[in-house]
Every structure is written in C-alpha cells, then in structure tokens.
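Dear colleague,

I am passing on the structure below and would be grateful if you could look through it with the notes that follow.

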Amino acid sequence: MDLYAENILDHFRHPRGKKRLQKPSVSQEEINHSCGDALTVDLAIDGGVIRDVGWDGSGCAISQAAMSMLADDLGGKPETHIEQMTSKDILSILAVPVGPRRMKCAHLALHALKNALRKMRNESPQSWSETLSV
C-alpha cells in the first residue's frame, strides 16, 4: 500500500504533462465545488487521436495525481479511449483506497476530459452523477 501512496505523492510533487498547450483543439475547466480542487485540461486531437495533453490546476494530492497519471497515459491513444474510461478505471489507476468524501477528487480529471470531448463536439456537459456512476 505504501508503494502506491508514494506513487500518488510522486505525481503530486512532480506532475506529468502540467503545461498549457499553445493551440489546443479544446480546453475545459472543471471545479470540484465540494473541496475547491480545480483543473483546466487542454487536448490536442488530430484525426481522432490524442496528440498531446496539457493541464493546469490546484487541489489535493488525489485530484492532481490522477490528472498527472492520465496525462502521462493518453498521448497517442484514440479519443474514444477517454469516452470508454469508467470510474473503475480511475480507481484502478490510483491504486489506493478512496473514501466517499474523496470520490469527486479522484474523478475530477476524468470529468474534465469527458467534458472536453463533449465541448469539442458541441454536446451538453456530463453531470457529476454520470461521471461517478460509470
């Protein structure tokens, strides 16, 4: 367990992909109003493939580490990869127990990424309940 907690702290202290993109295909800001965590996600997508992920934000170790881990993983994958990600995927990536009070923290990155794709497609944003239920 300590090894997984150290991974969270490493991503929090040395975030991967924490940069704003010069010319993103889409940017999306999301805030977890229950605790104040905030993320702005930039995606560069070309031909349905995620070419680059950038982000900026502030908040707890869980929310920031989750975004760092996802930014590190998404480059070169089809945009449909984001659509197919579920709550279970996020919890698996984090690999630490997340209590009910921290669930939105853990899912903020996924929520921002899914809503970035929806914004790019001129679709309505996904609600928190949709993000957490999948």
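The sulfur of Cys-60 lies 3.8 Å from the closest cysteine sulfur, that of Cys-105, which is too far for a bond, given that a disulfide is taken as a pair of cysteine sulfur atoms within 2.5 Å. Cys-105 is likewise in no disulfide, the nearest cysteine sulfur to it being that of Cys-35, 3.7 Å away, and a search of the whole structure finds 0 disulfides. Cys-60 counts as buried at 17% relative accessibility, and Cys-105 is buried too, with a relative accessible area of 3% (buried means under 20% relative accessible area, exposed over 50%, and partly exposed in between, with a 1.4 Å probe and protein chains only).

Please bear in mind that this is a predicted model, in which local features need pLDDT of at least 70 and side-chain atom pairs count only at pLDDT 80 or more, while totals for chains, interfaces and linings use all residues. Residues are numbered from 1 along each chain as its sequence is written, and side-chain values use heavy atoms, with hydrogens and water left out.

Turning to the sheet, 3 strands form an open sheet in the order 1-2-3 with antiparallel pairing, where strands (E, at least two residues) and helices (H or I, at least four) are DSSP runs numbered from the N terminus, and two strands pair if DSSP finds at least two bridges between them. Strand 1 (26–32) and strand 3 (49–58) are the edge strands, each pairing on one side only. Strand 1 and strand 2 (residues 37–46) pair in the antiparallel sense over 7 bridges, and Glu-29 stands opposite Thr-40 in strand 2.

Two helices pack on this sheet. Helix 2 touches strand 2 and strand 3, and its direction makes about 165° with that of strand 3, whereas helix 5 (residues 103–120) touches strand 1 and strand 2, its direction making about 145° with that of strand 1 (axes are lines fitted to C-alpha atoms, for helices over the stretch in contact, and angles run from 0 to 180 degrees between N-to-C directions).

The axes of helix 2 (residues 61–74) and helix 4 (residues 87–94) come within 10 Å and cross at roughly 100°, and the two helices are therefore roughly perpendicular to each other, a term that covers 65 to 115 degrees. Their contact (heavy atoms within 4.5 Å) is made by Ile-62, Ala-66, Met-69 and Leu-70 of helix 2 together with Ile-90, Ile-93 and Leu-94 of helix 4.

Note on methods. Angles under 35 degrees count as roughly parallel, over 145 as roughly antiparallel, 65 to 115 as roughly perpendicular and the rest as oblique.
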